[in-house]
Every structure is written in structure tokens, then in C-alpha cells.
Amino acid sequence: MTALLEVEDLRVAYGKIEAVKGISFTVEAGQVVTLIGTNGAGKTTTLRTLSGLLKPLAGKITFDGQPLNGVPAHKIVERGLAHSPEGRRLFPRLTIAENLQLGAFLRKDTAGIEEDIQRIYDLFPILGERRKQASGTLSGGEQQMLAMGRALMSRPKLLMLDEPSMGLSPIMMQKIMETIEELRTQGMTILLVEQNAQAALSLADQGHVMEIGKVVLSDSGETLLHDESVRKAYLGED
Ligand code: ATP
């Protein structure tokens with residue numbers, strides 16, 4: 001089986017500083033794959049490069065059988081790769097409904113868009129209840145739901161989530177993780193970047209541990225969750 005996403009020897013630099021130093025991994029259709037690691041390991045840089053927001057120094061990215069190198073960001077969304085960025089990046093003065101509509105900016109099928117907005121409200125009922133409210137007035141957890149919903153509005157084949165649990169209460173975080181699980185059940189493929197290694201590994205099929213620009217360990221989520229070095233470095237155990 002060929003992977004939905006294949007990253008080979010990817011290198012990305014900011015000027016002279018190499019943030020990603022030759023990483024390789026794959027994401028199979030239907031899987032949840034997570035990148036974990038400390039601050040500055042290069043996880044966000046990796047997602048931004050896959051989205052076409054940063055240009056790689058070297059390496060090959062193949063998505064759905066086609067190369068992604070050199071493809072502009074909006075075309076990458078069109079091909080089916082959506083990104084829910086770190087910090088959410090919503091339009092605070094726009095309503096929930098308007099933010100969701102913006103996630104469908106490349107689509108013209110009005111009926112389909114309305115159907116999908118309804119599906120997002122089914123997934124996150126609170127968003128439906130508050131659809132006319134400005135997104136800037138939502139709680140952190142609700143904003144995260146909206147950021148995920150907006151990314152889903154492009155009908156992606158692969159959804160990339162950058163730190164969805166950031167700044168959330170344990171209950172909200174639990175809710176977001178349950179939603180990721182539910183999306184997987186619906187057949188969505190997910191690439192998840194998380195600081196919360198415990199939560200991410202608990203639901204991931206595959207995990208990759210990143211340290212200063214490199215993947216230092218790759219295994220199933222289950223195996224990494226029980227790996228002694230991972231537990232010491234990322235799960236706060238002695
Ligand atoms: P975090 O969880 O803190 O976002 P991360 O694993 O996602 O960490 P990146 O944000 O990808 O890490 O950062 C990787 C490295 O690149 C870091 O050393 C960071 O300081 C550097 N870096 C990130 N963005 C820029 C930028 N715009 N200009 C210069 N250096 C940057």
C-alpha cells in the first residue's frame with residue numbers, strides 16, 4: 001500500500017538556522033500519526049512546510065501519489081491537505097458561521113458547504129448554538145473546535161492539527177482528543193503535533209519523537225507510550 005503522505009529527508013531552514021534536519025515519515029490513509037517533542041524540535045516548521053507556507057531546503061514530499069514540492073499553499077488545500085495552525089488563527093470579529101465559510105473558500109458547491117457546516121455543528125454542538133457569535137468571544141476550547149471545524153470545511157483527505165490541546169483545561173483537552181478519535185472513526189487521516197505526549201500517543205497509530213530537527217524514535221503510539229526513554233523525557237517520569 002502506498003502512503004497518503006510520504007516525507008523523505010525533509011530539510012527546512014530559517015536563514016542559516018536549520019530547524020528541520022532531514023526527517024522522513026509516512027502517513028497511511030485512515031491513520032492518526034503524531035509528532036511529539038519538546039519546544040523548538042521542528043514540529044510546527046514541518047507542518048508549515050507540508051502546507052506550502054515554508055519552502056524546504058531539500059527533501060521530497062509526496063501526497064496522494066503526487067509531489068507537493070513547489071505547489072502553492074492554496075493548491076495544496078485543494079489537493080486535500082488541511083492545516084489547523086498553532087494558535088488557531090481565527091478571525092475574531094467574524095462569527096463562527098463566517099469563520100467556517102472561510103474554510104470553504106476554494107469551494108463553489110453552496111449546498112455541500114451548508115451540509116458540511118451542519119456536520120461541524122453535529123460534531124461540536126456548542127458551535128451550532130453560538131453560530132452568530134463573534135469567534136473572539138469564544139473560550140479557548142471552543143476556538144480550538146472552530147479551528148478544527150474550519151480546516152475540515154475544505155473536505156480534506158488529511159487533516160494536520162498543530163497543538164490542539166494548547167492552553168486548554170483537562171476537560172476541554174479530553175473533548176478535543178475524543179473528537180480526533182471520532183474523526184478517525186469516520187475515516188479521516190490525521191497528522192497531529194502535540195506537546196501533550198501522553199494524550200497524543202494514547203490515540204496515535206504511529207508516533208515520531210523529534211529532537212532538535214531530527215526524528216530520534218519512531219514506533220506505534222502504544223509502544224512509545226510504554227517506552228522508558230519516552231516516559232522519562234516526555235511524560236515526566238523519573
Ligand atoms: P513549539 O512546540 O514550540 O512550536 P516546534 O517543535 O513546533 O516547537 P518549531 O516552531 O518548528 O518547533 O521551531 C523549530 C526551530 O526553528 C526553533 O529553534 C525555532 O526557534 C526556530 N524557528 C521557528 N520559527 C522561526 C522563524 N520564523 N524564524 C527563525 N527561526 C524560527
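A: Gladly, bearing in mind throughout that this model is predicted. A place to start is Asp-162, whose bridge partner in S8 is Val-193.

Q: In what sense do strand S7 and strand S8 pair, and over how many bridges?
A: As a general idea, the strands of a sheet pair through backbone hydrogen bonds, and the pairing is either parallel or antiparallel. Here strand S7, residues 158-162, pairs with strand S8, residues 189-194, in the parallel sense, and five bridges join them.

Q: What is the order of the strands in the open sheet?
A: The six strands follow the order S6-S7-S8-S3-S9-S10, and their pairing is mixed. Strand S6 (81-84) and strand S10 (214-220) are the edge strands, each of them pairing on one side only, and from one strand to the next the twist averages 15°.

Q: Which strands does helix H7 lie across?
A: Helix H7, residues 170-185, lies across strand S3 (32-36), S7 and S8, and it runs at about 155° to S8.

Q: Turning to a side chain, is Thr-49 buried or exposed?
A: Thr-49 counts as buried because its relative accessibility is 3%, and buried means under 20%. Thr-49 is placed in helix H1, which covers residues 43-50.

Q: What does Thr-49 reach with its side chain, and with which residues is Thr-49 in contact?
A: The side chain of Thr-49 reaches the backbone oxygen of Thr-45 at 2.7 Å. When neighbours within four places in sequence are left aside, Thr-49 is in contact with Leu-10, Val-12, Leu-54, Pro-56 and Ile-61.

Methods: Residues are numbered from 1 along each chain as its sequence is written. This is a predicted model: local features need pLDDT of at least 70, side-chain atom pairs count only at pLDDT 80 or more; totals for chains, interfaces and linings use all residues. Side-chain values use heavy atoms; hydrogens and water are left out. Helices (H or I, at least four residues) and strands (E, at least two) are DSSP runs, numbered from the N terminus. Buried means under 20% relative accessible area, exposed over 50%, partly exposed in between (1.4 Å probe, protein chains only). A polar contact is a pair of N or O atoms within 3.5 Å; within protein, one must be able to donate a hydrogen and the other to accept it, and residues adjacent in sequence count only if both atoms are side-chain atoms. Contact means heavy atoms within 4.5 Å. Two strands pair if DSSP finds at least two bridges between them. Axes are lines fitted to C-alpha atoms, for helices over the stretch in contact, and angles run from 0 to 180 degrees between N-to-C directions.
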